[in-house]
Amino acid sequence: MGAAYQGLAFGNVACPDGVVRKNGARFTCTVQLPGTFLVFDATQSDNRGSVSFEITQAVLTKAAVEGFVAGNASLAATVTCGTAPFLVLRPGQQFTCQATLADGSVRAVQLTVRDTAGNVTITGVT
């Protein structure tokens with residue numbers, strides 16, 4: 001997991017107690033991140049307790065998303081996407097950022113997460 005999120009400080013990892021060592025057994029774990037949590041699925045790959053992990057959410061840095069929105073604005077813009085330093089969202093999930101344009105107008109920019117790699121698409125501006 002560390003290689004997928006290099007440079008990201010994470011805290012406690014919580015997995016359920018009492019998981020039976022059985023090939024194919026599935027369970028969910030949670031990782032504490034600064035200001036949020038990441039949930040991932042785990043599957044035992046043999047009867048000895050070897051585990052593989054499947055990340056089901058994207059970890060987006062607030063700064064990167066704000067830069068993406070500002071870079072796609074028609075005018076210079078100051079963008080705010082919440083207060084947490086990271087956004088943890090599932091593919092297909094939508095979220096909204098606020099863009100204040102150089103002319104003083106404010107726009108709500110709706111984005112959709114495309115995949116667990118953190119790719120997003122602007123899907124609406126109001």
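**Disulfides, sheets and cores of the predicted chain**

Cysteine 15 and cysteine 29 form a disulfide, with 2.0 Å between their sulfur atoms. A disulfide is here a pair of cysteine sulfur atoms within 2.5 Å. The structure is a predicted model, in which local features need pLDDT of at least 70 and side-chain atom pairs count only at pLDDT 80 or more, while totals for chains, interfaces and linings use all residues. Residues are numbered from 1 along each chain as its sequence is written, and side-chain values use heavy atoms, with hydrogens and water left out.

The torsion about the S-S bond of cysteine 15 and cysteine 29 is about 115°, so this disulfide is right-handed. The pair links distant parts of the chain. Cysteine 15 lies in the loop between β1 (13-14) and β2 (26-33), and cysteine 29 lies in strand β2, 14 residues apart. Helices (H or I, at least four residues) and strands (E, at least two) are DSSP runs, numbered from the N terminus.

**Disulfides, sheets and cores of the predicted chain**

Cysteine 15 and cysteine 29 form a disulfide, with 2.0 Å between their sulfur atoms. A disulfide is here a pair of cysteine sulfur atoms within 2.5 Å. The structure is a predicted model, in which local features need pLDDT of at least 70 and side-chain atom pairs count only at pLDDT 80 or more, while totals for chains, interfaces and linings use all residues. Residues are numbered from 1 along each chain as its sequence is written, and side-chain values use heavy atoms, with hydrogens and water left out.

The torsion about the S-S bond of cysteine 15 and cysteine 29 is about 115°, so this disulfide is right-handed. The pair links distant parts of the chain. Cysteine 15 lies in the loop between β1 (13-14) and β2 (26-33), and cysteine 29 lies in strand β2, 14 residues apart. Helices (H or I, at least four residues) and strands (E, at least two) are DSSP runs, numbered from the N terminus. Cysteine 29 counts as buried, at 0%. Buried means under 20% relative accessible area, exposed over 50%, and partly exposed in between (1.4 Å probe, protein chains only).

A search of the whole structure finds two disulfides. Cysteine 81 and cysteine 97 form a disulfide, again with sulfur atoms 2.0 Å apart. Its S-S torsion is about 110°, so it is right-handed. Cysteine 81 lies in the loop between β6 and β7 and cysteine 97 in strand β8, so the pair ties together parts 16 residues apart in sequence. Both cysteine 81 and cysteine 97 are buried. With the bonded cysteines numbered in sequence order, the pairing is 1-2, 3-4.

Strand β2 pairs with β1 in the antiparallel sense over two bridges. Two strands pair if DSSP finds at least two bridges between them. Alanine 14 stands opposite threonine 30 in β2. Eight bridges join β2 to strand β3 (residues 36-44), and these two run antiparallel. Valine 31 stands opposite leucine 38 in β3. β2 and β3 form a hairpin with two residues between them. Glycine 35, in the turn, has a positive phi of about 80°. The covered face of β2 holds Phe27, Cys29, Val31 and Leu33. Its uncovered face holds Arg26, Thr28, Thr30 and Gln32. In a regular strand the side chains alternate between the two faces of the sheet.

Four strands form an open antiparallel sheet in the order β6-β8-β9-β10. The edge strands, β6 (77-80) and β10 (120-125), each pair on one side only. Neighbouring strands of this sheet are turned by 35° against each other on average, direction ignored. Helix α1 (residues 62-71) packs on the sheet and touches β6, β8 (94-101), β9 and β10. Contact means heavy atoms within 4.5 Å. The direction of α1 makes about 145° with that of β6. Axes are lines fitted to C-alpha atoms, for helices over the stretch in contact, and angles run from 0 to 180 degrees between N-to-C directions. Strand β9 (residues 106-113) pairs with β10 over five antiparallel bridges. The bridge partner of threonine 112 is threonine 121 in β10. The β9-β10 hairpin has six residues between its strands, and glycine 118 in the turn has a positive phi of about 95°.

The largest nonpolar core has 15 residues. Such a core is a set of buried Ala, Val, Leu, Ile, Met, Phe, Trp, Tyr and Cys residues joined through side-chain atoms within 4.5 Å. Those with the most contacts inside it are Leu60, Val65, Phe95, Cys97, Leu111 and Val113. β5 (58-61), α1, β7, β8 and β9 each supply at least two of its residues. Leaving aside neighbours within four places in sequence, the contacts of phenylalanine 95 include Leu60, Val65, Leu87, Leu89 and Val120. A second, separate core of 10 residues includes Cys29, Leu38, Val59 and Phe86.

Arginine 90 lies in the loop between β7 (86-89) and β8. It counts as partly exposed, at 39% relative accessibility. Neighbours within four places aside, arginine 90 is in contact with Thr56, Gln57 and Val113.

The mean pLDDT of the chain is 89, and 93% of its residues reach 70 or more. pLDDT is the predictor's confidence in each residue, from 0 to 100.
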